[in-house]
Amino acid sequence: MAIDVTEESFEREVVERSRTVPVVVDFWAEWCGPCRTLTPALEAAEASREGKVVLAKVDVDANQALAARFGVQGIPAVKAFRGGAVVGEFVGAVPKAQVEALFDSLVPSRADELLAAGDELSLREAAELEPNRADVAVALAKARLARGAAEEALAAVEGHEGDFAAEGIAARIGLVKAGVATEAFEALDRGERDAALDSLLAALDETGRSPASEERDELRERLRRAVVGILTDLPPDAPTAVSYRRRLATALY
């Protein structure tokens, strides 16, 4: 059930409340036909999420300062708040699918919840629910690697070519099978990321001095993917990531 919000209650009912539960605000007016068209879709979206999102309504005629504060120039105007700030919005009586997409962006999916849980059973269920999500596949593969199930880990990332983390795990498994750079991955499993990267780059340097061949090129590509895969766990602009990317480029070229 939507709550009516005024200039006096907006800070409490919307901004502060959104720090604990997302709030979708519908800026509307009694005379606005499209507003009445949109209302049922907004109310249905709120009801189906069973308290995980709050719907608030602001009458722009009675609360003109609020409308001006948030740059409302046409109505219905819908703005989603989370953490005290606007995180999504649209204007007009949009299709139901667009309304649902906005609400979905505010509430974690079942797969998101399972991914956050992090145990292998939860991750397997998440992968079944959303098989196209590479982040879920990578997390599941890592969980399987942690218990030594390399083939199962490889199966988890199959079909996710193009994702650097997934390709890195597949490369790791291929390298270990070939008996290459095993000490690097042992270091990685101990939490010694830099030592693992140093070892992989040393192996890449060594293969660069070998005579050119298809086998050598395939090995170097696996080493490259393994390094890139590890670096995906770091922010792109992190000094460590920047440094190792430069070293990787030097080793390759």
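A residue is taken as buried when its relative accessible area is under 20%, and as exposed when that area is over 50%. In this predicted model, buried residues make up 45% of the 253 residues in the protein chain. The accessible surface of the chain comes to about 13,400 Å², and carbon and sulfur atoms contribute 52% of that area. The chain has a radius of gyration of 25 Å, whereas a compact globule of 253 residues would have one near 18 Å. Along the principal axes, the C-alpha trace spans about 80 × 35 × 30 Å. Of the contacts with a separation of 6 or more, 59% are between residues 24 or more positions apart.

The secondary structure of the protein chain consists of 13 helices and five strands. The five strands form an open sheet with mixed pairing, in the order β1-β3-β2-β4-β5. Its edge strands are β1 (3–4) and β5 (85–91), each of which pairs on one side only. Strand β4 (residues 77–82) pairs with β5 in the antiparallel sense over six bridges. Within this pairing, Ala80 has Gly88 of β5 as its bridge partner, and Phe81 stands opposite Val86 of β5. The hairpin of β4 and β5 has two residues between the strands, and Gly83 takes a positive phi near 65° there.

Two of the helices that lie across the sheet strands are α2 and α4. Helix α2 (residues 33–48) lies across β2 (23–28), β3 (54–59), β4 and β5, and runs at about 155° to β3. Helix α4 (residues 96–106) lies across β2, β4 and β5, and runs at about 170° to β5.

Helix α6 (residues 120–129) has Ser122, Leu123 and Ala126 as its buried residues. Seen down the axis of α6, these buried residues fall within an arc of 95°, so they line one face of the helix. An α-helix has 3.6 residues a turn, so residues three or four places apart point the same way. The cover over the buried residues of α6 includes α5 (110–117) and α7 (134–146). Leu121 and Glu128, on the other side of α6, are exposed.

Several backbone features were examined next. Most residues other than glycine have a negative phi, and most peptide bonds are trans. Ile75 and Pro76 are joined by a cis peptide bond, with omega about 0°. Pro76 lies in the loop between α3 (64–69) and β4. Glu50, a residue other than glycine, has a positive phi near 45° and lies in the loop between α2 and β3. The relative accessible area of Glu50 is 71%; because this is over 50%, the residue counts as exposed. Ala181 also is not a glycine, and its phi is positive at about 60°. Ala181 is found in the loop between α9 (164–177) and α10 (182–189). With a relative accessible area of 7%, which is under 20%, Ala181 is therefore classed as buried.

Asp217 is placed in helix α12 (residues 214–231). Asp217 and Thr207 are ten residues apart in sequence, and their C-alpha atoms are 8.6 Å apart in space.

Conventions
Residues numbered from 1 in each chain as written. Predicted model: local features only at pLDDT ≥ 70, side-chain atom pairs only at ≥ 80, totals over all residues. Heavy atoms only, no water. Pairing = 2+ DSSP bridges. Helix = DSSP H or I, 4+ residues; strand = E, 2+ residues; numbered from the N terminus. Contact = heavy atoms within 4.5 Å. Axes fitted to C-alpha atoms, helices over the stretch in contact; angles between N-to-C directions. Buried < 20%, exposed > 50% of the residue type's maximum accessible area, 1.4 Å probe, protein only. Arc of directions from axis to C-beta. Rg over C-alpha atoms; globule rule 2.2 N^0.38 Å. Areas by Shrake-Rupley, 256 points an atom, 1.4 Å probe, with all protein chains shown as cover.
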